[in-house]
Amino acid sequence: MPTAANDNSPLYLPETAVAHRVLGAKSKTQWDALAIVWEREGLPRIDPMTGCRYWPAVRAFLDRRHGIASAQLPSTVDGAENWS
């Protein structure tokens, strides 16, 4: 369930926090191995300025990976309808 945009949660999370949100009580060591593989599939990398991952992008990656990403509307109109 998505949380409100103003819930005051940090947007950039350290690896330990990302590991906990993704895997729960499992060890960070398991996350380290998964992150290497998933980065090849598009998992957002650690931001060099913050040293953390941007959590909304990580969540979006996981949602897409499991087929529950929200549907996107077309960005342009495809033309007038022809009903004849």
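Me: Which residues form a nonpolar patch on the surface?

Reply: A patch is made of residues with over 30% relative accessible area and no salt bridge, nonpolar side chains (Val, Leu, Ile, Met, Phe, Trp, Tyr) being joined within 5 Å and like charges within 9 Å. A salt bridge is a side-chain nitrogen of Lys or Arg within 4 Å of a carboxyl oxygen of Asp or Glu. Here Leu 11, Tyr 12 and Tyr 54 form such a patch, with about 270 Å² of accessible area together. Areas come from the Shrake-Rupley method with a 1.4 Å probe, and for residues only the protein chains shown count as cover. The model is predicted: local features need pLDDT of at least 70, side-chain atom pairs count only at pLDDT 80 or more, and totals for chains, interfaces and linings use all residues. Residues are numbered from 1 along each chain as its sequence is written, and side-chain values use heavy atoms, with hydrogens and water left out.

Me: Why does Tyr 12 count as partly exposed?

Reply: Buried means under 20% relative accessible area, exposed over 50%, and partly exposed in between (1.4 Å probe, protein chains only). Tyr 12 counts as partly exposed because its relative accessibility is 36%. Tyr 12 is found in strand β1 (residues 12–13); strands (E, at least two residues) and helices (H or I, at least four) are DSSP runs numbered from the N terminus.

Me: How many aromatic pairs does a search of the whole structure find?

Reply: A pair of aromatic rings is described by the distance of the centres and the angle of the planes. Rings of Phe, Tyr and Trp (its six-membered ring) pair if their centres lie within 6.5 Å; planes under 30 degrees apart count as stacked, over 60 as edge-to-face and the rest as tilted. The search finds three pairs. Trp 31 and Trp 38 form an edge-to-face pair, 6.1 Å centre to centre with 75 degrees between the planes. The pair of Trp 38 and Phe 61 is tilted, because the planes are at 55 degrees, with the centres 6.2 Å apart. Trp 38 lies in helix α2 (residues 28–41) and Phe 61 in helix α3 (residues 55–65), so this pair ties together parts that are 23 residues apart in sequence. Ring pairs link Trp 31, Trp 38 and Phe 61 into a cluster.

Me: Are Trp 38 and Phe 61 buried or exposed?

Reply: Trp 38 is buried, with a relative accessible area of 9%, and Phe 61 counts as buried at 5%.
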